Structures are given as structure tokens and as C-alpha cells.
Amino acid sequence: DAAEKAGFETFMLKEIHEQPTAIHDTMADRLHEDGSVDMAELALDDAALARIGKIQIVACGTSYHAGLVGRHLIEEWSGVPVHVEVASEYRYRTCLAGPGDLVIGITQSGETADTLAAMRVARQRGAHVVALTNIMGSQATRDADGVMYTRAGLEIGVAATKTHVAQVVALALLSLKLGRLKWHLTPEGARELASEIAALPGIVSTYLDSDAANDVADVARSYSRRPFFLYLGRHVGVPVCFEGALKLKEISYIPTEAYPAGEMKHGPIALLDEGSPVVCVATDSHVFDKVVSNIQEVKARGAQVIAVATEGNSEIEEHADAVLW
Ligand code: BG6
């Protein structure tokens, strides 16, 4: 029955609506109110985790983008440096991983050849390799020292949705655990983060059931004939743009470019014509004002801006032609 569409038009739409459950199940029995996290399947005890010097993440496609989001979480919450690389490049480069390093292979299917090869290279160098995957018993779990399972259920859609979100949640849990073990987070700080993470399933449900989700359809309809899209974001908004652009390419075959907003003036701004749609991730953050100035730059070139913004931020409406709250 999991392989049925349950009344949805497509598997992808069904799986988008399964995200609250995927998030809830991925954190269940791991995340505790006091901010502690159980992840025994990592096969790294707390003492070993506390000694981790650096982390490398290897993945492909949407899983790679989850790794880029995870890097912000791990570095911010635990202070451990993270290097994220597409597996097809990592496997042919000089591998500097070694004992005392943690290498995470993120692969929803657990079978992607480049990711498996990159994990093997790291393991041969003596790193502790963990498979972050959605499929128990997949090849990645057999080639790794430890595992971290997303519990998103079967994902039929070719474009990953609920598994991507579940990967980010799993990395958030790892970041929280590392942050506590490294004393980079105080007990109080960990408790606050734990309650914010625990609230995610409800937040996603509320969004999916809200008018905001319908507004997306209206915006999509009015821009569906444009020949090109540019996605811009800053900080954690950059991997969000990479993933958004990948989805647009994979699902609608519209040529799309995604860039860190600060880089836009060094090239891609030349691609903008009158009316070019530019999607900007402009959610509330310490770089919000910088994103607004980038929006003004592209508006000056005649582009039309679709902003992804935090509900209630009235300032963004002065700058964007459309807002996805
Ligand atoms: C691609 C899929 O073939 O593989 C992407 O189209 C996916 O959606 C990528 O992100 C990586 O797959 P996996 O299973 O290693 O996460």
C-alpha cells in the first residue's frame, strides 16, 4: 500500500505530504527533551565522538545538498569543521581523511556507485565511515562502520523530497549530539534546540495545510512559461537554492542557475533580461539585509523577484514581486 498514490496526483506530491511523518519518525526515540540524542547505530561511543577532529560528507544530487545544509548545523552547533564534496569528485581526489575523522556518506538509496566508492576510499584511509541512508540492508550500510537511518518510508518519486528533509533532520540530531559532547552547546542551549527540532513536524504540517502552499501553485502558474530561472541565497539559503534549482530542472526541464547571492554580480547578473524570474531565499536571518540589497540589484536589471520569506516579514513585500511564505 505504500506504493500507491493514496489519492494524490503524483507520488512526488504524496511524498511531499508525508514529510511531517518522515521528520517525526526520523527523530523519534532518538531526540530527548533534555537535548540529549541517542544514536548508537553510529557505532561511535560518546568518548570517540567527542574526539572527532573533522568531518567530511560525500554524496550526490539532492543528498549532496542535504550535506551542505548539515555543514552549517554541525559547524555552528559543535565547532567541528566540515568539508562537503560531491562523491564523483571525492573518489578521484587525494583523500586526506584518516583515523580520528568521521566521513558521512549520504545516500537515500544506499546504492549510488559514486557515493559507495567515495566511502570506500575514506574507509581504506582509516576514517570512521557512516552511511546516512533510507534503506536498511543497502550496500552503503554493508560498506560502512556505522549507520544513521532516515525513516522516511519508501520514496517512489525520482526527485527526492521527504528523504531530503529527513536527511537534514538526521544531520541536525548529529549536530546536537556533537555540540553537547564538545561542550560547544550549553545544556540550556541544547534543550532549546531540541524543542525547536521537535516542533518541526507540526510546523511542516501547518504549512502544507495552509493557503501558503496554494499560493505556490498560483506563482508557478504565472511564471511557468519563462525560459530561464536564477536562484539566489546566502548562508544556509545557498544549498536551499541549489536544491530548489535542481528540482525545477528535474521536474519542469526549465534551464535554471543557482548561485550564492554575493557572487551574482561576478557573472550571472549578465543573464538577466527584463522580466527574468529570480527566486531569492530571503528568510529571516543575519544576512537578510544583504539578500534584500541583492534583490534591489536584480530589480534594477528589470528582473522579477519571487522571494521565499518568513511569514510576517512585511519588509520583503516592498521589494519582491511575489512572496512564498
Ligand atoms: C539521482 C536522483 O539519480 O541520485 C536524485 O535523481 C538523488 O534525486 C541522487 O538525489 C542521489 O541518490 P541517493 O540515493 O544516493 O541519495
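Mentor: Helices (H or I, at least four residues) and strands (E, at least two) are DSSP runs, numbered from the N terminus. With that in mind, L185 sits in the loop between helix 8 (162-181) and helix 9 (187-198). Please keep in mind that this is a predicted model, in which local features need pLDDT of at least 70 and side-chain atom pairs count only at pLDDT 80 or more, while totals for chains, interfaces and linings use all residues. Residues are numbered from 1 along each chain as its sequence is written, and side-chain values use heavy atoms, with hydrogens and water left out.

Trainee: Is L185 buried or exposed?

Mentor: A residue is called buried under 20% relative accessible area, exposed over 50%, and partly exposed in between (1.4 Å probe, protein chains only). L185 has a relative accessible area of 11%, so L185 is buried.

Trainee: Which residues is L185 in contact with, leaving aside its neighbours within four places in sequence?

Mentor: Contact means heavy atoms within 4.5 Å. By that rule L185 is in contact with W77, L176, G179, R180, A190 and L193; W77 is 108 residues apart from L185 in sequence, yet the two are 6.5 Å apart in space, C-alpha to C-alpha.

Trainee: In what order do the five strands of the open sheet stand?

Mentor: Two strands pair if DSSP finds at least two bridges between them. Here the order is 7-6-8-9-10, with parallel pairing. Strand 7 (256-260) and strand 10 (322-324) each have a single partner strand, so one side of each is left without a neighbour in the sheet. Within the sheet, three bridges join strand 6 (residues 229-233) to strand 8 (residues 277-281), and L232 has C280 in strand 8 as its bridge partner.

Trainee: Which residues surround the ligand?

Mentor: A residue is near a molecule if one of its heavy atoms lies within 4 Å of it. The surrounding residues are C60, G61, T62, S63, T107, Q108, S109, T112, V158, A160 and E250.
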